[in-house]
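Subject: Structure handover

Hello,

Here is the structure for you to look at. Please open it next to this note.

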Amino acid sequence: MSYNHENLIVGCGNILYGDDGFGPEVIRQMNEENIVLPGDTCLVDGGTGAPHYLFTLPEDEWKNIIIIDIASLGEDPGTICVLDIDDVKEEERYMDVHGISATYPLHSLKDKVNIKLVVCQPEYVPIEMDIGLSRTVQNRIDDVIELTIDVLNDMIDI
């Protein structure tokens, strides 16, 4: 798959660990429903490798990146919000199981590419493998799709 597009919508997370699979599940549903997206936009199931493989190999065409993921917001499960990359403070960055920051490559791209994160407060991220989203987070997918399209439209209009 080519990532030579102006706009990327990337679902990040691990489908083997409950709500951590939220990002890829949103992308799967957008593809399944043939969601029409504005501009030169590519949907990417980034799984757990996007921060380390996709974002460290930037393309000149990239103008806008939207990351869909879970985040510890300190809010009720299912709460969704839009964050700027600068809203993710250095000391609060999510670290993957290998101790590598999931947002580090994005911080290095922020001066060249517009970056937004559409995130959802998880309800259940198990320590042991357990496939499937909680009902609370599953029920927010349609809202996140709608919000993502709105965010993309705003980014394209910049």
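First, the ground rules. This is a predicted model, in which local features need pLDDT of at least 70 and side-chain atom pairs count only at pLDDT 80 or more, while totals for chains, interfaces and linings use all residues. Residues are numbered from 1 along each chain as its sequence is written, and side-chain values use heavy atoms, with hydrogens and water left out.

Overall make-up

The chain has 5 helices and 5 strands. Both are DSSP runs numbered from the N terminus: helices are H or I with at least four residues, strands are E with at least two. From the N terminus the order is β-α-β-α-β-β-α-β-α-α.

The chain holds 158 residues, and 46% of them count as buried. Buried means under 20% relative accessible area, exposed means over 50%, and partly exposed is in between (1.4 Å probe, protein chains only). The accessible surface comes to about 8600 Å², with 48% of it belonging to carbon and sulfur atoms. Areas come from the Shrake-Rupley method with a 1.4 Å probe; for residues, only the protein chains shown count as cover.

Now contacts, meaning heavy atoms within 4.5 Å. Take the contacts between residues at least 6 apart in sequence: 80% of them join residues at least 24 apart.

Salt bridges

Side chains of opposite charge can pair when their charged atoms come close. The search of the whole structure finds 6 salt bridges. The test is a side-chain nitrogen of Lys or Arg within 4 Å of a carboxyl oxygen of Asp or Glu.

E6 and K63 meet through their side chains at 3.6 Å, N to O. E6 sits in the segment before β1 (7–12) and K63 in the loop between α2 (50–54) and β3 (64–70), so this pair ties together parts 57 residues apart in sequence. E6 is partly exposed at 32% relative accessible area. K63 is partly exposed too, at 45%.

R28 pairs with E25, and their closest N and O atoms are 2.5 Å apart. The two are 3 residues apart in helix α1, about one helical turn. R28 is partly exposed at 38%, whereas E25 is buried at 18%. E25 and R28 also belong to a network of salt bridges with E32.

D84 pairs with K116, with the closest N and O atoms 2.3 Å apart. D84 lies in strand β4 (residues 80–84) and K116 in strand β5 (residues 114–120), so the pair ties together parts 32 residues apart in sequence. D84 is partly exposed at 33%, and K116 is partly exposed at 23%.

Negative patch

Which residues form the negative surface patch? They are E33, D142, E146, D150, D154 and D157. Patch residues have over 30% relative accessible area and no salt bridge; like charges are joined within 9 Å, nonpolar side chains (Val, Leu, Ile, Met, Phe, Trp, Tyr) within 5 Å. Asp and Glu count as negative, Lys and Arg as positive; His and the chain ends are not counted. A charge is placed at NZ of Lys, CZ of Arg, CG of Asp or CD of Glu.

E33 lies in the loop between α1 (22–32) and β2 (41–47). At 41% relative accessibility, E33 counts as partly exposed.

One buried serine

S134 lies in the loop between β5 and α4 (135–138). Is S134 buried or exposed? At 11% relative accessibility, S134 counts as buried. Leaving aside neighbours within four places in sequence, S134 is in contact with D19, E123 and Y124.

Best wishes
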